[in-house]
Amino acid sequence: MARQLTDRPVCKTAVPAGETEAARKEPAMATGLKERRLGNAVAKREPPYRSVMELSEEERKAFAEKLGGAQNYNSVVLREMARKDRRFLAPLIMSILSAEFRGIDFFGRFTVETQEQNVPWHMTLGFARQTFDESRHTLLNMKLLEHLGSHLGEYPDIILGPQRGGEIPEEELDPAILLARINVALEGFALTTFEEIRALARDLGEELIEHCHDYNMADEVTHVALGDYWLERLSQEQPWRKDRARAAQEEFEKMLSMVREMAANFVGATAGGSNQNGGTPG
Amino acid sequence: MAYVIDQDRCINCWWCRRACPTDTIHYFDQPNRKHWIDPEGCIDCDICAQVCPMDCIDHHPEITPPPEKLEAAKARARAWAGDRRRLKLAVRGYAEAQVLRIAGNGKRENGNGAD
């Protein structure tokens, strides 16, 4: 039977009918979610995922010869290296492509697993669309790699958070927390990254990269809006959700600032001490 | 003069907050989970309005911060600009050195004598 395209009540599973107002404040994991999660099944990709940490000694040596070491394998340093030598555009694109693959993995799982928490059907549809966007971004970036004379597998994957969906701690599976961390905080931050790559491509006269990353950025704006909207909807009747989401987002931003500060210290600079939000070198 | 975020249209992408040179855009301490510009720290630099992907930050010339607050905010912005410039130059210098080092390694391996 076809599913109705009507909004179901928000997260009734988490607060069963007949519960007191006090119970409404307590998070409760949906029944059977743990068993029905997609678990630690290894994500399949050809060539398979291969993070910098998983390289063999020989591969590590070759990687160091190409990029000078794993410490340079991030978009901030690679952007500046590419400004000097266009060969570094390929690893820059691969670092983005790798995150897009993770995006498919994450949002695919999110779309399926959050249905266990009885989220509104329109939210599920929204995240199915976002998963499709992420797969489109991987295609765009794979073609950009080819355009730059590289291919998938030449550079390893970057590391971003848990390696498999099943490694996300159970208590952090609340959709509101995931929305706050990933859709609002991480995707919001990605806007700057895409804009900076787009600006670099414009400076270098790389029209194809400029066009694709402008396109990617437009999708990211939609993703942030989607996350913000559903975070608000999920939190409307359950203040604990809003509080937990806020705390998760704050923690995420602090972690990001810390990483950037460490990176700034590494290159021997002051880490923008007057700005607690950590500006991005533009 | 100050800028104001239209909270009905803001999607909380925090780009304005990351870009603000005076740290005057608040979020975590707001009761309604929306970004808000404290007019007392706004120096009218327009950076937030330029980066906003929703085009929801508008200039309101009728809002004027007290002169002493404005001066303090400008001092913060100057410090921010200095830090940012140092960081940008450091990253650029580091990246250029890396590119030269990698190119040098390649030449040595090819027997081109780049020592």
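## Confidence in chain A

The mean pLDDT of chain A is 80, and 75% of its residues score at least 70. Among the elements of chain A, the highest mean pLDDT, 95, belongs to helix 6 (residues 121-147) of chain A. The lowest, 44, belongs to helix 1 (residues 21-24) of chain A.

Two stretches of chain A call for caution. Over residues 1-32 of chain A, pLDDT stays under 50, and the model has 38 contacts beyond four places in sequence for this stretch. Over residues 269-282 of chain A, pLDDT likewise stays under 50, with 45 contacts beyond four places in sequence in the model. Where pLDDT is low, predicted coordinates should not be read in detail.

## Packing of helices 5 and 6 in chain A

Helix 6 of chain A, the element with the highest mean pLDDT in that chain, packs with helix 5 of chain A at an angle of about 160 degrees. The axes of helix 5 and helix 6 of chain A are 8 Å apart. Angles over 145 degrees count as roughly antiparallel, and helix 5 and helix 6 of chain A are therefore roughly antiparallel to each other.

The crossing of helix 5 and helix 6 of chain A is left-handed. The contact of helix 5 of chain A with helix 6 of chain A comprises, by class, 14 nonpolar, 10 polar and 2 charged residues.

P91(A) lies in helix 5 (residues 89-113) of chain A. A residue counts as buried if 20 or more other C-beta atoms lie within 10 Å of its own; P91(A) has 26 other C-beta atoms within 10 Å and is therefore buried.

Leaving aside residues up to four places away in sequence, P91(A) touches L67(A), Y73(A), L78(A) and Y155(A). P91(A) and H151(A) are 60 residues apart along the chain, and their C-alpha atoms are separated by 10.0 Å.

## The interface between chains A and B

Contacts between the two chains involve 31 residues of chain B and 35 residues of chain A. On the side of chain B that touches chain A, helix 1 (15-19) and helix 3 (67-109) of chain B each supply at least two residues. Helix 3 of chain B gives the most to this side, with 19 residues.

By class, the side of chain B that touches chain A has 16 nonpolar residues, 12 charged residues and 3 polar residues.

Definitions and conventions. Residues numbered from 1 in each chain as written. Chains lettered and ligands numbered in written order. Predicted model: local features only at pLDDT ≥ 70, side-chain atom pairs only at ≥ 80, totals over all residues. Contact = placed C-beta atoms within 7 Å. Helix = DSSP H or I, 4+ residues; strand = E, 2+ residues; numbered from the N terminus. Nonpolar A, V, L, I, M, F, W, Y, C, P; charged D, E, K, R; others polar. pLDDT = per-residue confidence, 0-100. Buried ≥ 20, exposed ≤ 12 C-beta atoms within 10 Å, placed from the backbone. Axes fitted to C-alpha atoms, helices over the stretch in contact; angles between N-to-C directions. Parallel < 35°, antiparallel > 145°, perpendicular 65-115°, else oblique. Left-handed = near helix turned anticlockwise from the far one by under 90°.
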